[in-house]
Each structure stands twice: as C-alpha cells, then as structure tokens.
Amino acid sequence: MREETFIPKQKIKTMIIVTRTFTKLHALLLSPQGEGLGVRFLLLFLVLLFPSFLFAEVKPSTLFNDHMVLQRDISIPVWGTSWPNEGITVRLNQKEFYAKADASGNWLVRLPKQKAGGPYTLEIAGDNIITYKDVYIGDVWLCGGQSNMDMTVAKEDRYWCGVNNEAEEVANANFPFIRDFDVDFTPSNKVQTNAVGKWEICSPNTVGHWSAVAYFFAREMYTRYKIPVGLITSAYGASTAETWISKPALEAHPDLKPLLDAYTAKWEKFVVDSTITMAKYREQLSTYKGDLAAAQAASGDVTAKKPRAPRNPNPELDQHNPYVCYNGMIAPLIPFAIKGALWYQGESNGPSAKLYREIMETLVADWRTVWGQGNFPFLYVQLANYGKPMTEPVMDNALMTVREAQVQNLSIPNTGMAVAIENAGDNPTNIHPKNKQAIGYRLGLIARAKVYGEKVEYSGPMYKKYEIKGNSIQLYFDHVGKGLVAKDGKLTGFAICAEDHKWVWADAKIVGKTVVVSSPEITNPVAVRYCWGVNPPASLSNKNGLWTPNFRTDNF
C-alpha cells in the first residue's frame, strides 16, 4: 500500500476554522432559531466548503502506485492534481524534480531518462507526501483489443478463458519483475482522467486473471533480456476498433462519420426511452441473477458456462459504440510512458469490415498523436482461423475482408503482424484459441527484430510478386527465412482462375524460394489466391515455423 504523510502548514488552520464553524452551525440548527434552516442548509454548507478542503491534496494519477513499472530510456511523465498553483516535488532514485500546478490544480513533472533497474521509491510531495514502493524501471507495453486480448491465462470464472496447459502455466508463473495494470471496463461518453485498476506482481496467485497474450509476450521479453516488463492491459470482449479511438480523431475522417451518426441516433433514442427501457432491464437482470444462482448451485460449478446476461440498454456502456472505451479506458492512461503497443482485435468489426483498414490507420495515428512519443511500435495479431473448413476455393466474407485489411495495415510505419492462420488447431469452432503461447512467442519475435534490433526472422513468407509462365503462375516471397516448407509435405489452400474469374482449387509446389501454382482446368491463368476463407487449409510456412498469411495476386 502507498504511504501518505500530511504536512500541517495552512491546512491545519483551515481544519480548525472548519471545526469551529461546523460546531457553531450545529448548535444553531439545534436551537429554536435554527429550526427552519433544516438539514438542507447544513448539506449546502458542506458541499460548498469541503470540496476545496478535502480534495485538493496532491493526488497523482491512479496509474502511479506500488509495484509499478516505469519506462526506461525516455522522459517519464508523472502527473495529477493538487491545490491550484501548488509546488510539486517528485523524488526518484535520490533525485528531486519540480513543477507547479496550474490555476486548475493540474500538474505534470517530466522525469529525465532512467536506466532499467530498481526497486526504487517514488515520492510525490506538495503539502502532503505520497510514497510508492517497489517501483522498477523497464519496458512498458500497452495491450489492447477485444476478447482474444482480454482472454486470461486461467479459466477462473469465465468459461471461455484458460490456455493450453493452464495448470502448469499458472504454477510456473514466478516472474516478480513482470507486472500488470489491468484496466476495468469503464466506458464513458466523457473523457475520464483516472483509470480504474491496480498494479500486480506476476505470480501463480495473480497470473490466472491476466491477459494470456500479454503475459506470454512479457515472459518472452523478460526471459531474453532480464529487463522488468510492465503491462497495461486495456481490452474488453466484443469491442470494436472504433470504440478505442478518440471522438476528434473519428470526426476528422469523413468515411467514419456513419459510425458516429449511428451512435448519436442510439443515444438520442435511449434518452427518450430510458425510463421504460431501464425499468425493463432491471427486471430482467433480477431474474437473470436468480436463475444464475440456481444453475450454479445445481451444478456446483461457478465457472460453468453462464446464460447470457441481459444487455444494459444504455449505449454508453456498449463496447461496440465509437470512442466510449477510449474515453474511459485509454484517455486516463495518457501520457504514461510506454515502449509500444500490442493489439488483438477484429472479430467484432464484421459489420464495418470495408472500413477496417481506415479504422485501424486512424487508431494507430490517434494513439501515437495523443501519446506524443512519435511512431512507437504497434504490434498486432491477425485473426486466427475460425469456423467450418473451406468447401470452395475462394470464400469471401466480412471477416476475410478484415483479415486482408490487417495485411494491408503493415503499410503503417513501425508495425508488425503476428500471423495466426492455423492457431485454432484442432478446434476451429472456438473463436478464442487456447494456444496463446504461440501468439506471445510470435509477437515476441517481432519485438526482438523490430524493436530490440536482433537479427532474427520474425515473419512467415510474405507474398511479393507473381509471374505468369504458360499455364502456371510463379509466386515470389519476402521472409523466406531458412526456406519454404509445406505442411505434411503438401501445399494446400491455393486457388487459381482464368479471365472468367471462376476459381478452382490449384496444385502448388515449392520451387526454391518460390511457389508454382497451376491446375489442369486452367490453361491461361490470370490470378492466384491463397487461404481465401475464414478457416482455410493453411499449409505454407518457412522453416523458422512462421506461417504465410492469406494473399491474392488480383484486385477484382
């Protein structure tokens, strides 16, 4: 727990004045003369007087607390509120730094660059002193997205969570220099200033409710570099990408205006209907809680799959709506210094799939702008295979459009994509694949190469160009690594077409660093597609064990 020391000065005098005034007022209210004043006058007095007294102590952002990790090698912002114009002193590693609160009581101190290390004590002083202990300097990663980022290491009380080898992973999670701040689900129409959450140290007692992707990534980083790792996990199941973008950033893109207009219409309707809809919701919720308790008692398992709870009709609390998660779960984190961001999301953007590329370009640009750290690394996961196996050579749908947009988003500077085209393994009907260890490893490879400068292959083969050669098409790739390889010795998932654009399954073979594709049904081929479906028969990787994502040579 943090330590707080209050320094007397003028506030002791204020306390004496408040006490004496309150005593006199209380006596007056009890006297015959005060009978007509009533309780309301007393409440008014307290409301007018006490806010400036009770809430003007130095209050750092809630991100600052015991066990936190601060970012190394760049300036470290420390901020909060206090009395207006109050002088603020921040002490770290036996050095002091100063700032002055503005007229509204907001203050920010920028600490100079620090090397990795700890444990340190961070002390923040105005007229009161707050001390945070067990503070480390290392690398901090912001981890965002929807349920596949929110999915935890252990099942605990959510039936869809829990990774492969869950018990073993939890038991072995003794990494005291990995810490996590998990942001509670707190969407809001208005920009908030404080995040709801707390820092925890990685241990078998805590890791079970941590993001699995974030944890396995952090484990890769710490095991290799022995530098403290801080995770700030701000993710929520079924959330769209646009809910994590600021309203001004969305407003700046005309193509995204329909998303804002739809939310405005929802909100206006809710305001009109709220009395009726909220009453109905409370009734449904009461019934749900009773049914849930009975079902759990009957099964004796509180982690069993639960019936779906009724949805709160307030659109402000709906993670599908634009900017509400940004306001409550991203804005309060700014400008906490970070190394970069991890992202796993896309399933919920099926309805806006055609806009997904622009939505993600907007999100990355927005975060980089508001953080003011330049083009920090943004590493993301492409959607995993899901659903029934492909039955046609090409099967377009909304999630396929999202997956293609994710490949296209590699054009954003300083980004990297972990391919998960086979990650669901033998259970592709589960939209939350349990092999999150592989995802953490692949994100870690990208970070090692693109962030930490290691000479290591971090990507599967990426389609580069094609050449038509008679009745076949030859494909060329980047990131061949140690060489191309076919799963089980045979390439599958390739489709080819002629001028009529009628796709057929194709034969494919590896020739050196290329793949040659053909079909006896096509004599004059014009285009090839690979794994063009949500659950394709993926087969192409490099000998480094990294998979090729979907691609196409055409634009029709």
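Trainee: Let's start in strand S23. Which residue there stands opposite Ala495?

Mentor: Bear in mind that this is a predicted model, where local features need pLDDT of at least 70, side-chain atom pairs count only at pLDDT 80 or more, and totals for chains, interfaces and linings use all residues. Residues are numbered from 1 along each chain as its sequence is written, and side-chain values use heavy atoms, leaving out hydrogens and water. Strands S19 (residues 494-497) and S23 (residues 527-530) run antiparallel, joined by four bridges. Facing Ala495 across that pairing is Arg529.

Trainee: What does Val394 touch beyond its sequence neighbours?

Mentor: Val394 sits in the loop between strand S14 (378-381) and H10, and at 18% relative accessible area it's buried (under 20%; exposed is over 50%, partly exposed in between, with a 1.4 Å probe and protein chains only). Its C-alpha is 6.3 Å from that of Gly533, though the two are 139 residues apart in sequence. Contact means heavy atoms within 4.5 Å. Skipping residues up to four places away, Val394 touches Ala495, Trp503, Arg529 and Trp532.

Trainee: How far from Arg403 is the nearest side chain of opposite charge?

Mentor: Arg403, in helix H10 (residues 398-408), is buried yet has no salt bridge, meaning a side-chain nitrogen of Lys or Arg within 4 Å of a carboxyl oxygen of Asp or Glu. Lys and Arg count as positive, Asp and Glu as negative, with His and the chain ends not counted.

Trainee: Which backbone oxygen lies 3.3 Å from a polar atom of the Arg403 side chain?

Mentor: Leaving aside neighbours within four places, Arg403 is in contact with several residues, including Gln382, Gly533 and Asn550. The backbone oxygen at 3.3 Å belongs to Leu383.

Trainee: How many disulfides does the whole structure have?

Mentor: A disulfide is a pair of cysteine sulfur atoms within 2.5 Å. Cys143 is buried at 0% relative accessible area, and Cys161 is buried at 2%. The search of the whole structure still gives a disulfide count of zero.

How values were computed: Two strands pair if DSSP finds at least two bridges between them. Helices (H or I, at least four residues) and strands (E, at least two) are DSSP runs, numbered from the N terminus. A polar contact is a pair of N or O atoms within 3.5 Å; within protein, one must be able to donate a hydrogen and the other to accept it, and residues adjacent in sequence count only if both atoms are side-chain atoms.
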